[in-house]
Amino acid sequence: MTTLLTDDAVRRSMINCSKGDAKRMTVADAVVGTDLETVEFAGWTDPRMPQRAYLVTLHEGAVTGVLLRPAAGGGARRTAMCALCRTTHTDGEVTLVTAARAGSAGREGNSVGTYVCTDLACPATTRLERKPSASVTPDLGLPVEERVAGLRVRVDGFLAAVRGSEDAARTPA
Ligand SMILES: [Zn+2]
């Protein structure tokens, strides 16, 4: 089974922004054609609006996307860990992002925050598909399939919090 992302599918998947925002977003070329059955999510920063980033995943069987707003000032200035893939970066390349909650909660100003790898490449980093560097240390205490499973669970938890499902209050941001 494959779930290949198209430009249109990405725009339609957005759950926490207006239709206008979804229309204006830039869907990166690298994202189109991504198979969400093989990676936990596709994530990218909008090349035309660097204060916006996106995360699109298969959540409860449906392609689901969220608009993320990186905190002003970009990455942390010290060693920090990505809350999704648990990779430690010593170069500040972890960013606090906030996502407006879906629906009325979001319109009332409620949001969910999390720390993520600034490049949003958690699936590749978790699988050690990128060249390791001195400043990027994936959680090597676990075998790769457990790291991938953990990433999946934490991405789902984040999406559930944005969607505001019953468990949201108990999901640490
Ligand atoms: Zn990460």
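Is Cys82 buried or exposed? I looked this up first: Cys82 is buried, at a relative accessible area of 0%. My cut-offs are under 20% for buried, over 50% for exposed and partly exposed in between, with a 1.4 Å probe and protein chains only.

**Ground rules**

I am working on a predicted model, where local features need pLDDT of at least 70 and side-chain atom pairs count only at pLDDT 80 or more, while totals for chains, interfaces and linings use all residues. I number residues from 1 along each chain as its sequence is written, and my side-chain values use heavy atoms, with hydrogens and water left out.

**Zinc site**

I went to the metal next. Cys82, Cys85, Cys117 and Cys122 each give their SG to the zinc ion, at 2.2 to 2.3 Å. I take as donors N, O and S atoms within 2.8 Å of the metal (3.2 Å for Na, K and Ca), and since water is not among the atoms, sites may look incomplete.

Along the sequence I read the donor spacing as C-x2-C-x31-C-x4-C. The angles subtended by the 4 donor atoms run from 103 to 116°, so I log the arrangement as tetrahedral; that label asks for four donors with all angles between 85 and 135 degrees. For reference, the ideal angle for four tetrahedral donors is 109.5 degrees.

I also checked burial around the site. Cys85 is buried, like Cys82, and Cys122 has 0% relative accessibility, so it counts as buried too.

How many disulfides does the structure hold? I found 0, using a pair of cysteine sulfur atoms within 2.5 Å as the criterion.

**Sheet**

I traced an open sheet of 3 strands in the order S4-S5-S8, with antiparallel pairing. S4 and S8 are its edge strands, each pairing on one side only. Strands here are DSSP runs of E, at least two residues, and helices are runs of H or I, at least four, numbered from the N terminus. Pairing takes at least two DSSP bridges between two strands.

S4 and S5 run antiparallel and are joined by 2 bridges. In that pairing I noted Ala80 opposite His89 in S5.

**Positive phi**

Which loop holds Arg86? I place Arg86 between strand S4 (80-81) and strand S5 (88-89). Its phi is near 60°, a positive value in a residue other than glycine. Arg86 has 39% relative accessibility, so I put it down as partly exposed.

Leu128 also has a phi near 60°, and is not a glycine. I find Leu128 in the loop between helix H4 (122-126) and strand S8 (136-137). Its relative accessible area is 46%, so Leu128 goes down as partly exposed.

Methods. Tetrahedral: all angles 85-135°; square planar, octahedral: opposite > 155°, others 65-115°.
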